[in-house]
Amino acid sequence: MSSLPGSREPLLRVAVTGGTHGNEMCGVYLARYWLQNPGELQRPSFSAMPVLANPAATAACCRYLDCDLNRTCTLTFLGSTATPDDPYEVKRARELNQLLGPKGTGQAFDFTLDLHNTTANTGVCLISEASHNSFNLHLCHYLQRQNPGMPCRLFQYEPAGTETFSVESISKNGICLEIGPQPQGVLRADLFSQMRALVASILDFIELFNQGMDFPAFEMDIYRNLGSVDFPRTTDGDLAGTVHPQLQDHDFEPLRPGEPIFKLFSGEDVLYEGDSTVYPVFINEAAYYEKHVAFLKSEKIRVSVPTLLELTPRSTQTP
């Protein structure tokens, strides 16, 4: 069991971003709606700012134009000298950095909620970077208590190396709300309504946090990323098989050594050869084929989440 530190300061500058990937339609259409009707993003202590993160990809209804926007928000890209040949998403990342950042500075937004859909059967999933404080775990716990019949899992993803690259990483803190399954370029009314309600609950939690409500310590299970597994491939790099029917749609469920993970086109099963039980996530995600990822492996761990510290008012300076 691991223990995570807590911290507390009011969150007054909040953004809700949709359309980071232009064919994940719940976030696209919620952002578009809120840009015209921002009232439901307002709370007594703050008003969340809606942002259509990738307008060009959204207009084309594709994940991205030149490169993945959710992989380009690194300090390396954001701080590099602009050139006319820069990929569109690198240019857009710099614009978002001006709007929500600058990344890594005290002027950055306090919190960004980035909205995503997946073709995988994840249900409701919050994705948090491992470096973040316990706020995100309290947020997930709040959603679990508000929706007792709805599984809400937290997937802790720590990028390889030291640089974070997601859109929400531009702000001081943030989280990704992922809901699936939904096909790319398709808008399902049930998932649209579910995401809208969850955004409202997340903003309600931030408001309670800002008002100084006590959030006691608790324990919860989270899923920590262990890396990716590629599809079986031929010597030429083509697919030699696909996800096994016994694994398909079983995101966040235990996968034990010796259980099937792929079905080769020749009809043979490929078995999981790991040493311990893992929990696959984003199984057969359509957008990950190009990344050579059939699914991500995670470990299920129990964490002890401390009480959030007393609210610390922001200091104000007078000229």
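## Surroundings of His21

Leaving aside neighbours within four places in sequence, His21 is in contact (heavy atoms within 4.5 Å) with Val28, Cys62, Arg63, Asp68, Asn70 and His116. The structure is a predicted model, in which local features need pLDDT of at least 70 and side-chain atom pairs count only at pLDDT 80 or more, while totals for chains, interfaces and linings use all residues. Residues are numbered from 1 along each chain as its sequence is written, and side-chain values use heavy atoms, with hydrogens and water left out.

His21 lies in the loop between strand S2 and helix H1 (25–36); helices (H or I, at least four residues) and strands (E, at least two) are DSSP runs, numbered from the N terminus. His21 counts as buried because its relative accessibility is 4%. Buried means under 20% relative accessible area, exposed over 50%, and partly exposed in between, with a 1.4 Å probe and protein chains only.

## The annotated binding site

UniProt, in an unreviewed entry, places the feature "binding site" at His21, Glu24 and His116. Such positions are given in the numbering used here, feature names are shortened, and annotations may be inferred rather than shown by experiment. The three positions are spread over 96 residues of sequence, yet they cluster in space, with a largest C-alpha distance of 7.5 Å.

His116 belongs to strand S6 and is buried, since its relative accessible area is 2%. Its side chain is joined to that of Glu24 by a polar contact of 3.0 Å, that is, a pair of N or O atoms within 3.5 Å; within protein, one must be able to donate a hydrogen and the other to accept it, and residues adjacent in sequence count only if both atoms are side-chain atoms. Beyond four places in sequence, the residues in contact with His116 include Thr20, His21, Asn70 and Cys176.

## Ser128 in strand S7

Ser128 is found in strand S7 (residues 123–128). With 4% relative accessibility, Ser128 counts as buried. Its side chain makes a polar contact of 3.0 Å with the side chain of Asn136. Apart from neighbours within four places in sequence, Ser128 is in contact with residues including Leu154, Phe155, Tyr157 and Ile175.

## Helix H4

Helix H4 (residues 88–100) has 13 residues, which should span 18 Å at 1.5 Å a residue; its end C-alpha atoms are 18 Å apart, which agrees. The expected span is 1.5 Å times one less than the number of residues.

Among the buried residues of H4 are Val90, Ala93, Leu96 and Leu100. What covers the buried residues of H4 includes strand S5 (49–52), helix H2 (55–60) and strand S6 (111–117).
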